[in-house]
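Hi,

Here is the structure I promised to pass on to you. Have a look at it first, and then read my notes below.

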Amino acid sequence: MIISIANHKGGVAKTTLAVNVADALAREGLDVLVVDLDPQANVTALLYSAEETPGVPLEKVLDGSTSVAQAVIEQTTVDGVHLIGCSLKLANLERQLHATPFASTSLLSQKLAPVTKVYDVIILDTPPALSFLTANALAASDFVFTPLSSGSKLSLIGADDLVAFIHQAKIANPRLKFGGAVLTRHDSRKKVCRLVQEAASEYYERVLENTMPLTTDVDKGQIVNKTVLQLERDSNVSRAVVGIAREMMSITGLESKPKDSK
Ligand code: ADP
Ligand code: MG
């Protein structure tokens, strides 16, 4: 099962959601791989180490110089979550590939094939652009979820472009389904958040009931490379992340696995 987290707006919590939901899914007993498709390499910085570039980053898999298995990092900052990281050089590769005649949006899907069955779920964090890399992510995915930052009405501007892009991706990849929009940085006391929450369902065919609250825990956790669940398991925001992950499981048909079944 491959899930993309996509929205061409930056700063809507794609990366935050990818890493935190990955942790919550691993705690459900699932084998999880996160793939960093954003050349800003934020997932890589959070799950690996802010200072280092992985020895075998995704761009080396995509350019054919190494196999995907060699790129998998098993020791990450989150138990049960493996990573394929990237570096800024992924942006150069994207430019080169884009300029290549017949460059295929199925490249990522082909390259991931050897590890697809190894994991219960592969989460693809995508760049803030409706670009070649995002098209590759959607071409490889079974589901796409879209984080929306609920603190600004601007969150919904451009939703039509994203919906149209996903529609195009579905023509190329009929397996792809829209999983739902996820409200992030949500504060139900704020009028603007309630407005965005109400309006979101006019733009997206599904909006998750569970929302990610606005919290200082995300930034606090980033400083020490910790997810919100690692920071404090019983906080409101941790419960919210678990709620989002479980709702995603029920939408996608993923089932939790008892730890001793492995
Ligand atoms: P994207 O990947 O969509 O660009 P990020 O996940 O990097 O977005 O998040 C953008 C910023 O918002 C980061 O500084 C992150 O720490 C912050 N952030 C994300 N989620 C929350 C939240 N629930 N509460 C507060 N800040 C958040
Ligand atoms: Mg990001």
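Being in contact here means that the C-beta atoms, placed from the backbone, lie within 7 Å.

Before I go on, a word on the source: this is a predicted model, where local features need pLDDT of at least 70 and side-chain atom pairs count only at pLDDT 80 or more, while totals for chains, interfaces and linings use all residues. Residues are numbered from 1 along each chain as its sequence is written, and chains are lettered from A and ligands numbered from 1 in the order in which they are written.

Back to A22. It belongs to the largest nonpolar core, which has 79 residues; V21, A22, V32, V34, I123, L124 and V241 touch the most other members. Such a core is a set of buried Ala, Val, Leu, Ile, Met, Phe, Trp, Tyr and Cys residues joined through C-beta atoms within 7 Å. Buried means that 20 or more other C-beta atoms lie within 10 Å of the residue's own, exposed means 12 or fewer, and partly exposed is in between, again with C-beta atoms placed from the backbone. In soluble globular proteins, nonpolar side chains tend to be buried together.

Now for the strands. From β3 (residues 81–84), V81 and L83 point one way and H82 and I84 the other, and all are buried. β2 (residues 32–36) runs parallel to β3, with 4 bridges joining them; pairing takes at least two bridges found by DSSP. L33 sits opposite H82 in β3.

Is P114 buried or exposed? P114 counts as exposed, because it has 11 C-beta neighbours inside 10 Å. Beyond four places in sequence, P114 is in contact with V68 and A69.

Zooming out, the protein chain has 12 helices and 6 strands. These are DSSP runs numbered from the N terminus: H or I with at least four residues for helices, E with at least two for strands. Of its 262 residues, 48% count as buried.

Last, the ligand. Which residues are closest to ligand 1? They are A13, K14, T15, T16 and V218, out of 17 that surround ligand 1, where near means a C-beta atom, placed from the backbone, within 6 Å. Helices α1 (14–27) and α10 (217–223) each supply at least two residues of that shell.

How values were computed
Contact = placed C-beta atoms within 7 Å.
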